[in-house]
Amino acid sequence: MKNGSLATKLMLAAILLAVLLYFGINLAAYFTNPFTTTVAYGYTSENAVTVSGYVVREEQVLPGEAGELAYFFRREGERVSAGGTVALLYSSAQSLSDANTLRSLTEQLEQLLHVRSLVAGTQAGLRLDEEVTSSLIGFRSALAAGSPSAVGESGDALRSAVLKFSYAYTGTAELDASIASLQDRISQLSAAADAHTTYITTPRSGLFSSLVDGYETVLLPQSLEELTPSALRAVAPAAGAGGVGKMIYGASWSFVTTMETGDLKKLAEGDQVTLRFQKGLDRDLRMTVSHIGQEEAGERVVVFTCDRYLNLTTLLRHQNAQVIFDSYTGIRVPRSAVRLVAQPVTEDGEPVLDSGGQPKTENVTGVYTVWGTTARFKPVTVLWQEEDYLLVLPAEGADAGRRLRTGDKVVTAAAELYDGKVIA
């Protein structure tokens, strides 16, 4: 028993010694020849600053109290002509409920009349089957996009298509009975409709928005150039602001913010710059620097304007955004992989000699890549530098075999590295 225990201890000691020896050899090899590589890949880097500010438009609040007794006719961002109805205000919850029921029944009647007008038989069935399929695809696309308004609209379209399809195969007698029943119910509800309904109409043509946040009378496009950094920070919504939505006029909108004077060295009024909002807009925007204010404590008010996508900004107000001065796209490599190598100067394939008859050399920036079992030097041009990486492009005029490409293995650490060295 004792002999077995001793043998086990000796075996464990031998295994431990082997493991320590393995790691010791690898550690010594690393410090004597620390050969490591990484893969170069395409990358875009940006010179940008993050700012906080407000979206400003020409806006007019529509008078009235929205509350729970309002029904909106218009979608967010929908264009409405002058005098168009955007909402209805009801005198009671029951009146609103009856009106919603009436609208639903009217919609169902229109759908059934549409089915009745189709030619009965296979042709009608095929057309409605295609409509259901198309509506289902639209509903799935809206769900994937994550847009609540689009999901609602596509869901309504799908329900309508399914309803039409279900009646297409029940026969005209049952369809006619359903139409007659709906017409009776609609007549009854119409006769009892609330006579005290208030129509909310638009004074001018513009875009409708259901959101009233109190900034409509505080942030005015014509007063942005008078703002100072301290005044902008003190901006607050007007107390007691309310209304049945608002109208947005014009074709352009602005984003007002404060920026440090040092960050404005590359900007001047009239310049175009890219802005990327952190929420609400899923695209980069080219905006014009329309105003740069006077300096106050190292900061200035900056106004950016844009004449596109106004209908997508109706729900935006306070925003964080990136102001992108420059954008660089190239091949990303670690800083440790980029080297300055002395290479002979050639002309028509022949070495160029100096006044002393010695071959001329020049320092070339580049990286070493793994080429089979050897190291190959590939010259590059540096586009952009960060603390731990650089963006580079193949040097102009480099031979095809010497052009750096995405996917190349670049050497980040090695001892006595030179072109053609066997490394594997």
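Reader: What makes W253, F255 and T305 contacts of M287?

Author: In this predicted model, contact means heavy atoms within 4.5 Å, and M287 is in contact with W253, F255, D271, Q272, V273, L275, F277, F304, T305 and C306, once its neighbours within four places in sequence are left aside. For one of these, T305, the C-alpha atom is separated from that of M287 by 5.4 Å, although the two residues are 18 apart along the chain.

Reader: Which residues have the most contacts inside the largest nonpolar core?

Author: They are F255, M259, F277, M287, F304 and V323, in a core of 26 residues. At least two residues of this core come from each of strand 2 (41-61), strand 8 (246-260), strand 9 (272-277), strand 10 (285-292), strand 11 (299-306) and strand 12 (318-334). M259, for its part, touches residues that include V49, L264, V302, F304, V323 and F325, not counting those up to four places away in sequence.

Reader: How do you know that strand 3 and strand 5 pair?

Author: Two strands pair if at least two bridges are found between them; 3 bridges join strand 3 to strand 5 (residues 85-89), so these strands, which run antiparallel, are paired. Within them, F72 stands opposite A87 of strand 5.

Reader: What makes strand 3 and strand 6 edge strands?

Author: In the open sheet of 3 strands, ordered 3-5-6 with antiparallel pairing, strand 3 (70-72) and strand 6 (198-201) each pair on one side only. The twist in this sheet averages 25 degrees from one strand to the next.

Definitions and conventions. Residues numbered from 1 in each chain as written. Predicted model: local features only at pLDDT ≥ 70, side-chain atom pairs only at ≥ 80, totals over all residues. Heavy atoms only, no water. Core = buried A, V, L, I, M, F, W, Y, C linked by side-chain atoms within 4.5 Å. Buried < 20%, exposed > 50% of the residue type's maximum accessible area, 1.4 Å probe, protein only. Helix = DSSP H or I, 4+ residues; strand = E, 2+ residues; numbered from the N terminus. Axes fitted to C-alpha atoms, helices over the stretch in contact; angles between N-to-C directions.
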